[in-house]
Amino acid sequence: MKYRWIFLLAITVSLALSVIASGAEPDRNRYHQHLEAADKPPCTNHDASVFCTHLPLVEITTDAPVPEPYLQEPSAGSRSVWAVSNKVRNYEMVPASVRYYDSETENNHLTDQPAAAERAMFRIRGASSRSFDKKNYLLKFMKEDMTHSLDVSLSGMTADDSWALHGPFLDKSLIRNYLCYNLAGEIMEYAPNVRFCEMFLNGEYMGLYLLTEKAGYSKNGRINFTETDPNLTVTSYILQVDRGAADSRYDVETFGSNSYLTRTKLHAGQGHIEIVYPGKSLTQNQHDYIVSDFSRFEKALFSFDYNHPDRGYRKYIDTQSFIDFFLINEFTLNYDAPGLSTYLYKDVSGRLNMCVWDFDAAFDYYRYSEITPETFRIHNALWFKYLFKDKAFVDQVVDRYAGLRKRFFNEDYLFQYIDDTVAYLGPAVQRNYVKWGYSFNSTYNGVDYDYLEPESRNVRSFEEAIRQIKDTITVRLDHMDHHLDRLYTLCHASMNKRYNHQTEAGGA
């Protein structure tokens, strides 16, 4: 019997090694709504005037008007709709009642019994997207007393009090975030879960939305690590890299930013680090610990011993997480990352991991100018410009890409995924563009809706938007196939002289 178990163990190990060697991905039990949601028969018990959807349906009624972002006069020569520097974020929230409909077997209607009916605080969220006609929103569920948060589970996602409602407006395909979050969720340890839904706000139909988990800690899951204890100095933590915290006590200045190794004065509007978790319970001791702990990683990365097995950066980070973050954002041309819309998290007894956020402009849909698929950029940003001087890191990036190319970075897989998603959305796409279809026009009621430059990049139909994603994927994969090995120039000895601070007298 003993030898039988030894044999079985040997077979198991052998199979596991063969999977690793082949680059195959382990199943992460990621829920893909368009594949796993039950088919629902058409309704026959009401007329066409009744709103009816196969998607989850969210109805929000606010107690007061939703506060708009404050706008200042645009600077000379700027396009006011994109004058982000002239826009002031408004974090004021209003109380609201939320009803969420999500029948597993039948279509959803506003007259149905809701799956959840709760109170919440509600506001507009986002940065440049605040200029859009179709807004993004933040929901924070509250108990009836409206003073204590309430964890709520929606469509099987982890119960939590905070949720984002992403309303695709710039993204005419409607699917960029859905595709990319789920792709990242298959590749990385954690990526926010998402569900398509349709939304009504104060009785008005607002179109197709993507209900999205906020990247954060929950006792029920999401980012899974040891809960903080305000009585202790050492703590698990989540950091966000963006434009800086609304409350300065959550801002973080680390070794890298203080020495301008990860942020320069020219990029003062991005690359700022803020503490997301611990939240309100954050103590000054914990704040100081987080700064010190993160700075230890940066000092190791910037040091002469950056690639030392004991004193180098690998002691502090989950290298695979950084590699996957790099590849998913490079593949999708998501160049807000990592200076904006980026999260890092660390368990009190673990290593730093990276988490993706916001793919609204992925696949060459940036606003001002074209991002050609024949490029690489993230290797020059923040910590990555130092990670890539380590040849072992570059080796891992190249090997990981080769493995992902067999499945998740594969045109057949991706095109089928896109087509199946569009088919699943069905009539919801048409309903959305009955509401927002004017955004395909160059101008409408005197407003310029050609947000992309040059003008020829702006798509004029949903079908064209889907084709644009596919065309970009084809060109992008071809470029990565033939040019990813150029990253080896970043770890060449001649390239690293300046980083290693070697002088001519030192034999550089």
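I will begin with lysine 389, whose charged end sits over the ring of tyrosine 306, 3.9 Å from the ring centre, where "over" requires NZ of Lys or CZ of Arg within 6 Å of the ring centre and within 35 degrees of the ring normal. Lysine 134 likewise lies over the face of tyrosine 209, at 5.1 Å from the ring centre.

Please bear in mind that this is a predicted model, in which local features need pLDDT of at least 70 and side-chain atom pairs count only at pLDDT 80 or more, while totals for chains, interfaces and linings use all residues. Residues are numbered from 1 along each chain as its sequence is written, and side-chain values use heavy atoms, with hydrogens and water left out.

Turning to the helices, which are DSSP runs of H or I with at least four residues, numbered from the N terminus, the axes of H6 (residues 319-331) and H8 (residues 391-405) come within 10 Å and cross at roughly 60°; these axes are lines fitted to C-alpha atoms over the stretch in contact, with angles from 0 to 180 degrees between N-to-C directions.

What does H6 meet in H11 (residues 462-483)? Leu327, Glu330 and Phe331 in H6 meet Ile473, Arg476, Leu477 and Met480 in H11, contact being heavy atoms within 4.5 Å.

Finally, the structure holds 40 aromatic pairs, a pair being rings of Phe, Tyr or Trp (its six-membered ring) with centres within 6.5 Å. One aromatic cluster includes Phe322, Phe325 and Phe326 together with Phe393, and of these Phe326 in H6 and Phe393 in H8 also belong to the contact of those two helices.

Notes:
Phe/Tyr/Trp six-rings, centres within 6.5 Å; stacked < 30°, edge-to-face > 60°.
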